[in-house]
Amino acid sequence: MTSAPERTSGKGLAAGTLGLWGSTVIGLASTAPVYSLVATLGFVVVAVGAQAPIAFVLAFIPMLFIAFAYRELNNEVPDCGTTFTWGTKAFGPWVGWMGGWGVAVAGMVVLANLSQIAGIYLWSLVGDGSLAENVPLVTATGVAFIAAMTYVSYRGVEIGERIQNILLAVQYIVLALFVVVALWKFFDGTAPNPTPFDLAWFNPLGFTDWSGFTEAVLLALFIYWGWDTCLALNEETKDPKRIPGRAALLTTVILLGTYVTVTVAAMMYAGVGEDGAGLANADNADDVFLAMKDGLFGPFAWVLVVAVLISAVSSTQTTILPTARGTLAMAAYKALPARFQRVHPRFHTPSFSTLVMGIVASVYYVGMTIISDNILQDSILSLGLAIAFYYAMTGYACVWYFRRELFTSGKNLVYRGILPLLGALMLTYAFVQSAIDMYDVDYGNSELLGIGGTFVVGIGALAFGVVLMVVWYLVPASKPFFRGESLNRDTEVLVPDEPITYPRSVDGGI
């Protein structure tokens, strides 16, 4: 194989901006811990009842295993393209391109959802309730939030980190208050349904229904999603080979502690009944916090509404970051048009990619709202498919990329082989099982083509990526990428800014 081009000046991003704290804050903010609990906790309890805590623990396992894959790959290839770059180096251009598309799809869909939530909660806070049900007002507000957070992302990762420090602090202060007040009311007997703590809540053999178990774990996967943002900012981190991987692992562990603690406190306060404030009340499943806020905080119930609003806005900004950097990397390696590679000369951000992300997310949100809010909600329900898809690909890429080194040490075998493979297999099962469930017309809120709308939207979004990839393949500018010249196993991890002659990879990038 011919030698790879030598490293030059990289992609032009603001190198050395983030430390371990900043990377961890951005990773946590990307998961939107308050909003994630609001959107997921009720449905998990409806699915598995008192086994909700162990469901969150079990869903954490594949996330942790994939976090090790991210860490090991980042140590070797600290490139902001993450799954796209690693997938291409391991399996070649076609697989890598689809990995990048999986990241982009997940980001676009969740941005629409986050902006909608932000709009609803803003008007719930300042109005009498009717404003939050005004669809044009909420939609316009959501688009305004996307525009504002796109601007923050455009201005630079440093200003984004400063804002996220404040927003994340508010979220965790409110979550801490939630836990303290819930436990206080449990112990003084004023909780609506005081339920004593039971170790059986953590019994992995306590699930009585397999479909409920798989549904709960799939839902819980969503609640952890977003920690990989700190890996997408690796080129802007002070120690790009070590800090992003450490931040990813730290983020996942903090999230586990957060979710389990809040879930236990909520169960002790409200119980898992199907009436009133009970966490299994189907009428409250989409937002159990709203059902509990007045009883918990009384006249200060607005604090919880503010926390959800801040969580959604915070995650809106951090969700833009990895997608914009992913498309920047794809353009740098000739997998997308060159304009996506543009970096702002002053702010050192992927300017064009960031703006495109904001515009596409806004158009998608407005379009889905006009066509059918049910389809918009189903696209959010289908998000687990894209997440499981590109996380699993990262796990497999880790094993295959390091395949010649797995047996050189016990550490390599565990962290580069066994754990990433187990995580990838778990997520592959989650993807398949989720797709089967979504195929049912009773799953979700809509029916398309005689099958579940969630399945059509989720699989359709990934399939649309195949169409776009083929279209780009037909463009002459794509040839260096698809021939394995601009990115292959031996390509230097920091893509040069200046045009160079790409040597041909004999094996097509594998």
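**Entry 1: ground rules**

I worked from a predicted model, in which local features need pLDDT of at least 70, side-chain atom pairs count only at pLDDT 80 or more, and totals for chains, interfaces and linings use all residues. Residues are numbered from 1 along each chain as its sequence is written, and side-chain values use heavy atoms, with hydrogens and water left out.

**Entry 2: helix 5 against helix 13**

I looked up how helix 5 (residues 93–126) sits against helix 13 (residues 351–371), and found that their axes come within 9 Å and cross at roughly 65 degrees. That makes helix 5 roughly perpendicular to helix 13; the rule I used counts angles under 35 degrees as roughly parallel, over 145 as roughly antiparallel, 65 to 115 as roughly perpendicular and the rest as oblique. The axes themselves are lines fitted to C-alpha atoms, for helices over the stretch in contact, and the angles run from 0 to 180 degrees between N-to-C directions.

I noted the crossing of helix 5 past helix 13 as right-handed, where a crossing is left-handed if the near helix is turned anticlockwise from the far one by less than a right angle, and right-handed if clockwise. Taking contact as heavy atoms within 4.5 Å, I listed Gly107, Met108, Val109, Leu111, Ala112, Ser115 and Gln116 on the helix 5 side, meeting Met357, Val360, Ala361, Tyr364 and Tyr365 of helix 13. Sorted by class, the residues of this contact of helix 5 with helix 13 are 9 nonpolar, 3 polar and no charged; here Ala, Val, Leu, Ile, Met, Phe, Trp, Tyr, Cys and Pro count as nonpolar, Asp, Glu, Lys and Arg as charged, and the others, Gly among them, as polar.

I then turned to helix 14 (residues 373–381), which packs with helix 5 at an angle of about 120 degrees, the axes being 9 Å apart. Helix 5 and helix 14 are therefore oblique to each other, and helix 5 passes helix 14 in a left-handed crossing. From helix 5 the contact takes Val109, Ala112, Asn113 and Gln116, and from helix 14 it takes Asp373, Leu376, Gln377, Ser379 and Ile380. I recorded 4 nonpolar, 4 polar and 1 charged among the residues of the contact of helix 5 with helix 14.

For helix 12 (residues 302–332), the axis comes within 8 Å of that of helix 5, with a crossing of roughly 155 degrees. Helix 5 and helix 12 are therefore roughly antiparallel to each other, in a left-handed crossing. The contact of helix 5 with helix 12 holds 20 nonpolar, 7 polar and no charged residues.

**Entry 3: aromatic pairs**

I counted rings of Phe, Tyr and Trp (its six-membered ring) as paired if their centres lie within 6.5 Å, with planes under 30 degrees apart stacked, over 60 edge-to-face and the rest tilted. By this rule the count comes to 25 aromatic pairs. One of them is Tyr439 with Phe455, edge-to-face at 5.1 Å centre to centre and with 80 degrees between the planes. Tyr439 lies in helix 16 (residues 410–439) and Phe455 in helix 17 (residues 453–473), so this pair ties together parts that are 16 residues apart in sequence.

I also noted that ring pairs link Phe84, Trp94, Tyr333, Tyr473, Phe481 and Phe482 into a cluster.

**Entry 4: the loop between helix 3 and helix 4**

I found Gly81 in the loop between helix 3 (52–76) and helix 4 (83–91). Gly81 is buried, with a relative accessible area of 4%; buried means under 20%, exposed over 50%, and partly exposed in between, using a 1.4 Å probe and protein chains only. Leaving aside its neighbours within four places in sequence, Gly81 contacts Gly326 and Ala329.

Thr82 belongs to the loop between helix 3 and helix 4, and its phi is near 40 degrees, a positive value in a residue other than glycine. At 7% relative accessibility, Thr82 counts as buried.

Leu449, in the loop between strand 1 (447–448) and strand 2 (451–452), has a positive phi of about 60 degrees although it is not a glycine. Leu449 counts as exposed at 77% relative accessibility. Gly453 of helix 17 counts as buried at 0%. Leaving aside its neighbours within four places in sequence, Gly453 is in contact with Asp378, Ser446, Glu447 and Leu448.

Definitions and conventions
Helices (H or I, at least four residues) and strands (E, at least two) are DSSP runs, numbered from the N terminus.
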